[in-house]
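Subject: Structure handover

Hello,

Here is the structure I said I would pass on. My notes on it follow below.

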Amino acid sequence: HGTGATPPHAIFNGQEGFDMRFCTQGMWGIANYFALDAGYSNTDKYCHKNEHGERELLLARVLVGRCFESPPNASLRMPPELPEGGGRRYDSVTGVGGGG
């Protein structure tokens, strides 16, 4: 996905994988966001521009696991609990918004 003003290497060089602390807001809360189509992210809105004015974005294969489909909800801080309970949560959240 695009990284906005943050250089991509700052996000993917984290000790625990993609570092979501660089996210300040989002339609599904503070999280790592991935688009199905790289063309969605390859815009001035989402791409970091390097010192040469070239756009940089991340290209990743993402395993989403058990995914919860949700309308936009900026208050999310983690995926909701699974219906069977026990404190286990969905692995990820998905939805459609903003053209993605």
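The protein has 2 helices and 4 strands, and from the N terminus on its elements run α-α-β-β-β-β. Please keep in mind that this is a predicted model. Of the 100 residues, 22% are buried. The accessible surface comes to about 7300 Å², and carbon and sulfur atoms account for 53% of that. Among contacts between residues at least 6 apart in sequence, 56% join residues that are at least 24 apart.

Salt bridges

The count is 3 salt bridges. Two of them involve aspartate 44: one with lysine 49, where the closest N and O atoms are 3.4 Å apart, and one with arginine 55, at 3.1 Å from N to O. Arginine 55 is in strand S2, while aspartate 44 is in the loop between helix H2 (38-41) and strand S1 (48-49), so this pair ties together parts that are 11 residues apart in sequence. Lysine 49 is partly exposed at 43% relative accessibility, and arginine 55 is partly exposed at 38%.

Another salt bridge is formed by the side chains of arginine 66 and glutamate 84, with 3.0 Å from N to O. Here both partners are in loops: arginine 66 in the one between S2 and S3, glutamate 84 in the one between S3 and S4, so the pair ties together parts that are 18 residues apart in sequence. What sets the labels of these two residues is relative accessibility: arginine 66 has 42% and counts as partly exposed, whereas glutamate 84 has 51% and counts as exposed, because the cut-off for that label is over 50%.

Aromatic pair

The count here is 1 aromatic pair. Phenylalanine 68 and tyrosine 90 form it, with ring centres 5.2 Å apart and 50 degrees between the planes, which makes the pair tilted. Phenylalanine 68 belongs to strand S3 (residues 67-69) and tyrosine 90 to the loop between S3 and strand S4 (92-94); the two are 22 residues apart, and the pair links distant parts of the chain. Tyrosine 90 is buried, because its 17% is under the 20% cut-off.

Nonpolar surface patch

Phe12, Phe18, Phe34, Val62 and Val64 form a nonpolar patch on the surface, and together they have about 400 Å² of accessible area. Valine 62 is in the loop between S2 and S3, and valine 64 is in the loop between strand S2 (55-56) and S3. Valine 62 is partly exposed with a relative accessible area of 42%, and valine 64 is partly exposed with 39%. Valine 62 and phenylalanine 34 are 28 residues apart in sequence, and their C-alpha atoms are 8.0 Å apart in space.

Cysteines

How many disulfides are there? The count is 0. A disulfide is a covalent bond between the sulfur atoms of two cysteines. Cysteine 47 is buried, with a relative accessible area of 6%. Cysteine 67 is partly exposed, at 30% relative accessibility.

Serine 70

Serine 70 is in the loop between S3 and S4. At 10% relative accessibility, serine 70 counts as buried, because the cut-off for that label is under 20%. What does serine 70 touch, leaving aside residues up to four places away in sequence? The residues are Trp28, Val93, Thr94 and Gly95.

Regards

Notes: Residues are numbered from 1 along each chain as its sequence is written. This is a predicted model: local features need pLDDT of at least 70, side-chain atom pairs count only at pLDDT 80 or more; totals for chains, interfaces and linings use all residues. Side-chain values use heavy atoms; hydrogens and water are left out. Rings of Phe, Tyr and Trp (its six-membered ring) pair if their centres lie within 6.5 Å; planes under 30 degrees apart count as stacked, over 60 as edge-to-face and the rest as tilted. Buried means under 20% relative accessible area, exposed over 50%, partly exposed in between (1.4 Å probe, protein chains only). Patches are made of residues with over 30% relative accessible area and no salt bridge: like charges are joined within 9 Å, nonpolar side chains (Val, Leu, Ile, Met, Phe, Trp, Tyr) within 5 Å. Accessible areas come from the Shrake-Rupley method with a 1.4 Å probe; for residues, only the protein chains shown count as cover. A salt bridge is a side-chain nitrogen of Lys or Arg within 4 Å of a carboxyl oxygen of Asp or Glu. A disulfide is a pair of cysteine sulfur atoms within 2.5 Å. Contact means heavy atoms within 4.5 Å.
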